[in-house]
Amino acid sequence: MDKFLIKGGKALRGAVAISGAKNSALPAMAAALLTADKVVVRNVPKVRDLVTMSKLLAFMDAKVSVAAVPASDYEIQAPKLNHAEAPYELVRTMRASILTLGPLMARVGVARVSLPGGCAIGARPVDLHLKALEQMGRGRQLKGAHIVFEKITVTGTENILMAAALAEGETVLENAAREPEVTDLVGMLRKMGAEICGEGTSTLRIRGVKELHGTEHTVIPDRIEAGTFLIAGAITGGDLTIHNCMPAHLGAVIAKLQQARVRIDVVDATTARVRGAEKLVAADVTTEEYPGFATDMQAQYMALATQAEDTSVITETIFENRYLHASEMVRMGANISINGREAVVRGPAQLTGTTVQASDLRASAGLVLAGLVASGETLIDRVYHIDRGYEGIVEKLKAVGAHIERVHAPGS
Ligand code: UD1
């Protein structure tokens with residue numbers, strides 16, 4: 001298994017370009033199953049989850065053409081879906097495989113998708129996806145329905161959007177997710193001929209059509225990768241210009257970092273600049289659905305909070321067990337105590353490098369950030385988690401001055 005070796009203490013300076021959003025590319029690829037025509041998805045990040053998704057589509061008999069794997073442009077054509085099935089071996093490695101359920105139900109009427117099961121950060125059931133799809137019926141033709149989600153679910157919203165696009169009649173989805181990735185999917189589906197309105201609000205209306213057609217779609221920039229680099233610049237006291245991002249999608253993160261006295265300038269619609277503060281100060285954070293502060297930025301923010309003067313209280317409201325990085329940061333010298341959904345971080349703490357374990361994708365990013373500011377060497381084990389979702393993180397960090405190496409362990 002690969003590891004990262006980081007020598008901390010270097011201020012990051014220069015420019016970094018953000019890749020396409022993993023969480024937009026995944027539903028975009030799944031949406032290609034909704035038509036027999038060719039669909040081209042561009043700006044796909046070169047990360048393991050997208051390779052898994054392409055394998056899943058190929059398993060279902062979709063033709064997936066790429067120049068080389070991993071790729072940033074995928075051509076997908078699914079004239080006939082002979083295996084409306086997502087096997088456990090693939091679902092096990094990527095929960096987002098559930099995104100094929102909506103398109104398969106819409107196109108074939110039946111589908112077998114293995115249940116993803118729990119993961120490190122929580123139970124993560126898919127009961128709301130199933131309940132909503134059940135309301136739309138099964139068999140050859142799904143029917144529009146009035147669906148009210150009990151809880152906001154991002155991939156649940158995406159599954160229903162895709163299923164409803166080909167259902168008979170109108171679907172109204174209330175308490176829908178408002179994430180930019182949902183809006184991106186609506187844009188793509190509309191180009192395929194879907195009739196949808198209300199994106200960006202919590203009520204979506206979808207009038208089903210008989211057929212969807214092919215399209216070309218460029219996915220939006222990854223706001224979580226951009227946020228991670230904002231914190232990398234801030235925590236190291238550096239000066240980073242972040243290109244190909246959408247500061248408009250980073251409102252809550254930028255506001256919180258500014259509250260912690262990080263200097264951030266929105267240069268234009270696709271560029272932001274971050275400069276480290278003279279002195280970072282504590283600022284409390286509560287994770288929320290978009291447009292609130294993303295749970296996917298919580299671990300990275302915790303790394304920053306260890307360096308801020310005074311006490312920051314972090315409250316995680318989306319997932320029940322998303323503090324696995326905290327004990328690793330404590331082993332590096334951080335002062336963090338966890339009480340249920342609340343983490344109390346007392347700073348500033350001098351972090352010292354040691355060997356730490358990555359437990360999930362965003363926790364790994366938090367540990368990388370802690371390693372960048374720690375004295376001495378930090379060895380991060382199980383970085384396959386980070387490879388699921390960050391394109392070329394080692395190369396991008398090195399290009400702005402970080403001392404970070406990927407260590408290939410024998411047998412990996
Ligand atoms: C998506 C993102 C993930 C992000 C998360 C929350 C993708 C591929 N992944 O995950 O990076 O961390 O949104 O922003 O886009 N829930 C239920 N029943 C359901 C579905 C969800 O109880 O049927 C609960 C979950 O356990 C969780 C909360 O709802 O507590 C939100 O989860 P959800 O928005 O569904 O997360 P994902 O779509 O899996």
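In this predicted model, strand E4 pairs with strand E5 (residues 74–77) in the antiparallel sense. The pairing runs over 3 bridges. One of the residues involved is Val64, whose bridge partner in E5 is Ile76. Strands of a sheet pair through backbone hydrogen bonds, either parallel or antiparallel.

E4 and E5 belong to an open sheet of 4 strands. The strand order is E4-E5-E3-E12, and the pairing is mixed. Strand E4 (63–65) and strand E12 (215–218) stand at the edges. Each has a single partner strand, so one side of each is left without a neighbour in the sheet. From one strand to the next, the twist averages 15 degrees.

A helix covers part of this arrangement. Helix H2 (residues 48–59) lies across E4 and E5. H2 runs at about 25 degrees to E5.

Two packed helices are described by the angle between their axes and the distance between the axes.

H1 contributes Lys22, Ala25, Leu26, Met29 and Ala30. These meet Asp49, Leu50, Met53, Ser54 and Leu57 in H2. By class, the contact of H1 with H2 has 7 nonpolar, 1 polar and 2 charged residues.

Key:
Residues numbered from 1 in each chain as written. Predicted model: local features only at pLDDT ≥ 70, side-chain atom pairs only at ≥ 80, totals over all residues. Heavy atoms only, no water. Pairing = 2+ DSSP bridges. Helix = DSSP H or I, 4+ residues; strand = E, 2+ residues; numbered from the N terminus. Axes fitted to C-alpha atoms, helices over the stretch in contact; angles between N-to-C directions. Contact = heavy atoms within 4.5 Å. Nonpolar A, V, L, I, M, F, W, Y, C, P; charged D, E, K, R; others polar.
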